Amino acid sequence: MATIELIGAGVEIEDGPVILKPTTLRLTEQRIGIIGGNGSGKSTLVRLLNNLITPTSGRVLVDGIDAAKDPAAVRRLVGFCFTDPAAQLVMPTCVEDVELSLRRSHRDPQQRRQAALDVLADYGLAGREHTSVHALSGGQRQLLALAGVLAVEPRVLVADEPTTLLDLANTERVARRLFGLSQQLILVTHQLDLVERCDRVLVVDRAEVVFDGDPSAAIGHYRELAALASR
Amino acid sequence: MRTMNLIGLYQPGNSPLHRLGVGPKLAGLAVLSISIVAVRGALSALVFAAITAALAGWARLRWRSLWRQTRPVLLIAIVVGAFQWWLSGPDRAVESLIDLVCLTLAALVVTATTQVNDMLDAIVRWCEPVPWIDAERVALLLALAIRAVPASIELAHETKDAASARGLGNNPRALLSPFVIRMVARAQLTGDALAARGIGD
């Protein structure tokens, strides 16, 4: 399991709002859930973990590597899955998109093709290798995006609302894949039944982590916050 | 999906043209295109039409998809042809009309029988000896450019639908500003996704 440490890591816009107050956390559990309202700072928090956002104060360490100093090394350790798979699928067909991930690890085109086909088969996309990524269903597209991210075997997977655009069956399909991973999973979601399957849950509200504990207590805290906010 | 056919997509197959290397294929396309333009006369245009049609048949491409992809060019070709007729007579008109269609068909044969990754591999191979070019980056740039065309068209359709739904179908402000903003947002998201996948590091 990887060790992720935030040491007073915060994000603040000069002369503007605080996006995330300085946060100190040590994340070592296998499955960590993050919940909170829209615009609370969840996405910013997880984008710190692979330096898609650089903290304006403090540091983020993944297995001891400073994310801001060596983003390339940290991104090899931390895979990231976005809400909208359309934005992260770059190549026209399924097999080519997975191959794009494998360009670094497999220099030989034939070996790379075989490795990509193996990855697709593993994700239930065998026979769809030449299908346009646009022609896939939403669920298949998200599975393909996951396949592309996990093909390079990161040690941590961060997923930012990966099932928000999916129907119930596809949500379950993607969730089963996520919770079956041997890697550490950091899952941002609004789907509370997924949160219940985590080992540890953080609740983010108004730019800070306001609760950190087991899933049922965290969900209770989140419900109270939501009740207050909607009043 | 309506955007899918706008860019010449790869059609899987096992014809000799599919198996031919990217280098010879592109060289062939260059030679054929130059001859189509250089050799004058309506009769020779018809000969080139026969050649490109034969190539498409040899690659066993689906005629319906070829027709769909040629149609927009045909429209322009007809306009150009009509203009030529008025300027220099029927011979030149027929020649330019057929030549334009031939060029499109020849290009389609190449894109339909060549996978983007094979094309990228070839470009990387050709760029690698040049010391001041980062070949992998050039290949990625091309892949993104190819991807950007259907993606932008899809966004344009979505924006237009959203404007129509609110009864603002013909208001340029309701079309243009959200389209531009969404394009930039999409570009940033794609950049984030590429960075997150460690591509381009």
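Which residues does Gly13(B) touch, not counting residues up to four places away in sequence? Gly13(B) touches His18(B), Ala59(B), Arg60(B) and Thr113(B), where contact means that the C-beta atoms, placed from the backbone, lie within 7 Å.

This is a predicted model, in which local features need pLDDT of at least 70, side-chain atom pairs count only at pLDDT 80 or more, and totals for chains, interfaces and linings use all residues. Residues are numbered from 1 along each chain as its sequence is written, while chains are lettered from A and ligands numbered from 1 in the order in which they are written.

Gly13(B) lies in the segment before α1 (16–19) of chain B; helices are DSSP runs of H or I with at least four residues, numbered from the N terminus. With 15 other C-beta atoms within 10 Å, Gly13(B) is partly exposed. On this scale a residue with 20 or more such atoms is buried, one with 12 or fewer is exposed, and one in between is partly exposed. Gly13(B) and Thr114(B) are 101 residues apart along the chain, and their C-alpha atoms are separated by 9.9 Å.

**Where the chains meet**

Contacts join 27 residues of chain B to 25 residues of chain A. On chain B, α6 (116–127), α7 (135–165) and α8 (172–196) each supply at least two residues of the side that touches chain A. The largest share of that side, 8 residues, comes from α8(B). Its make-up is tabulated here, with Ala, Val, Leu, Ile, Met, Phe, Trp, Tyr, Cys and Pro counted as nonpolar, Asp, Glu, Lys and Arg as charged, and the others, Gly among them, as polar.

| Class, side of chain B touching chain A | Number |
|---|---|
| Nonpolar | 16 residues |
| Polar | 5 residues |

**Buried parts**

In helix α4 (residues 94–102) of chain A, 8 of the 9 residues are buried, so the helix is largely enclosed by the rest of the structure. Among them are Cys94(A), Val98(A) and Leu100(A). The buried residues of α4(A) pack against α5 (109–122) and α6 (138–150) of chain A, together with α6 of chain B.

**Confidence**

Chain B averages a pLDDT of 86, and 96% of the residues score at least 70; pLDDT is the predictor's confidence in each residue, from 0 to 100. Over residues 1–7 of chain B, pLDDT stays under 50. Where pLDDT is low, the predicted coordinates should not be read in detail. The model scores ipTM 0.80 and pTM 0.76.

Definitions and conventions. Two residues are in contact if their C-beta atoms, placed from the backbone, lie within 7 Å.
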